[in-house]
Amino acid sequence: MKTMNVAMIGGGFMGKAHAMAYAAMPMFFWPAPAIPVRKVVVDIDQARADEAATRFGFEEGSADWRAVVARDDIDVVDICTPNDTHAEIAIAAAKAGKHIISEKPLARTAEEAKAMLDAVQAAGVIHMVAFNYRRTPAVALARKLIDEGRIGEIVNFRGTYLQDWSADPDSPLSWRFQKDVAGSGTIGDIGTHVVDFARYLVGEIAAVNSVNRTLIPTRPVQEGNVDKLGVGGGDANAKRGIVDVDDEMITQLRFSSGAYGSIEASRNAHGRNNYLTFEIHGTKGSILFDYEHRDALQVMFADDPADVRGFRTIYTGAAHPYGEGLWPIPALGIGYGETKIIECYDLFRAITSGEQPSPSFDDGFRICQIADAIIASGESQSWIEV
Ligand code: SOE
C-alpha cells in the first residue's frame, strides 16, 4: 500500500490531535487511501521536538521547519502552529511542492490568506484547512438532508460557539489574545468554525453586521510559550499584558441566496464548554445540532402527521456519512478525535485522487475575508458586503 511521509510543524494541542489521526486513520478507514508515515515533527527547540517525536510516534524531531519542508522525502506538510506562522510555512512548503494541511483560521488576515492561496495554486499542490467540525457525521448528515431538499429552501441559520476557558480575568495572556499573533480573538479562533458551518450548509455569505467587544482588556503575562487556554486559574498578582482582540462577536449574516442568519461567539460564556451549535429553518422543516451532544442530529419535517410533529433525534451510525469507517452501533460515541481522523482520511483521499478537498485554501481565504468584514463591520457599526 502507498505510504506518504508527513512533516508536522507544531507539537502542541493540535499536534496531538493530528498525530493521533495519522496513526488511527487506517485503523478506521480500510483500505486507507495511503498510509501516513509520521516522519518528522518540528517544535521550537530540539529538546521539545525530540519529546514530541517520542510522544506522538514520529521518526524524528527537528527545530528547523525551513530545512524540514525543503526535504525530498516529505510529501505532506501539516501546519499546527499559531496563526502568525501559517503563511510563511505554507508558502515555503508550496514552493517545495508539498501538499499542505493548515490549522484554522488559515491566516491572520485575508491579505495573508490570499498570498497562501496564490502559492498553493501556483505550485499545483493539494491544500486543506482544518475546519474539522464539519466532519462530525451529524453535521455531514445535515448537509446531506439539505442537499436532498428534505427541509426545503433554507430561510435562516442561527449558529453559536460559546466556551468559557477565558472567562476568568486572571487566566493567562495566551497568544490567542494578541493581535499580532492571532489576527483576531473569538472571531478568528472560534467564530470562523461557525462561518465554515454556515457556508457549508447554507451557502455563500454576502454581507455581515457585527458587534464585537473586548470584555477583559488585560491578562497575566504567560511564561514559557505554552498555550494554557485558561487551565490552572490565574495569578492576580502577575504582570499583565494588553488584550488587543475581541472577546465576543454578535453577528448578523445575509447569504447570497437571500437567507438570513446570525452567529454568536464568546470564550467568556460561563458554563459553556464547547457549545458549537446551529439551528437551520427551511420551508419544509428544521435541523438542530449541538456539538456537546455530537452523536445526534435533531430533525423536524413539517409534513409529519400532526400527532407526531416535532424534532426527532437521529444518532449517527453506519447508515450515515463516514459510517463505513466509524463504530458499528449508533451512539457508541463520536468525539473530537473522530473528526480529526475523518479529516485525515479526506486529506489523503484528495492527495491520492488529485481532487482538491473542501475546505481548501480557497475556502480558508474566503473565511478570512468574512472575518475581516466582521471586524470592519464592528468598527463602522454597519452592514459590510463581503
Ligand atoms: C480554543 O478556543 C480552541 O482550541 C480553538 O482554537 C479550536 O479551534 C476549537 O476546536 C477548540 O477551542
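**Note on strand pairing and helix packing**

1. Strand β4, helix α4 (residues 86–95) and strand β5 make a right-handed β-α-β unit; a crossover is right-handed if, with the strands pointing away from the viewer, the path from the first strand over the helix to the second runs clockwise. Helices (H or I, at least four residues) and strands (E, at least two) are DSSP runs, numbered from the N terminus.

2. This is a predicted model, in which local features need pLDDT of at least 70 and side-chain atom pairs count only at pLDDT 80 or more, while totals for chains, interfaces and linings use all residues. Residues are numbered from 1 along each chain as its sequence is written, and side-chain values use heavy atoms, with hydrogens and water left out.

3. Strand β4 (residues 76–79) sends V76 and D78 one way and V77 and I79 the other, and all are buried (under 20% relative accessible area, 1.4 Å probe, protein chains only). In a regular strand the side chains alternate between the two faces of the sheet.

4. β4 pairs with strand β1 (residues 3–9) in parallel through 4 bridges; two strands pair if DSSP finds at least two bridges between them. V6 has V76 of β4 as its bridge partner. A parallel pairing over 4 bridges also links β4 to strand β5 (residues 99–102), where V77 stands opposite I100.

5. Helix α1 (residues 13–28) and helix α9 (residues 336–353) have axes that come within 8 Å and cross at roughly 65 degrees. α1 is therefore roughly perpendicular to α9 (65 to 115 degrees). Axes are lines fitted to C-alpha atoms, for helices over the stretch in contact, and angles run from 0 to 180 degrees between N-to-C directions. Residues of α1, including F13, M14, Y22 and F28, meet residues of α9, among them Y336, I341, Y345 and F348; contact means heavy atoms within 4.5 Å.

6. An open sheet of 9 strands has the order β16-β15-β14-β13-β7-β12-β11-β8-β17, with mixed pairing. Its edge strands are β16 (312–315) and β17 (384–385), each of which pairs on one side only. Within this sheet, β14 (residues 285–290) and β15 (residues 296–301) run antiparallel and are joined by 4 bridges, with L288 opposite Q298 in β15.

7. Helix α6 (residues 137–147) lies across β7 (154–162), β13 (275–282), β14, β15 and β16, at about 25 degrees to β15. Helix α10 (residues 361–380) lies across β8 (205–213), β11 (248–255) and β17, running at about 50 degrees to β8.

Notes
Buried < 20%, exposed > 50% of the residue type's maximum accessible area, 1.4 Å probe, protein only. Parallel < 35°, antiparallel > 145°, perpendicular 65-115°, else oblique.
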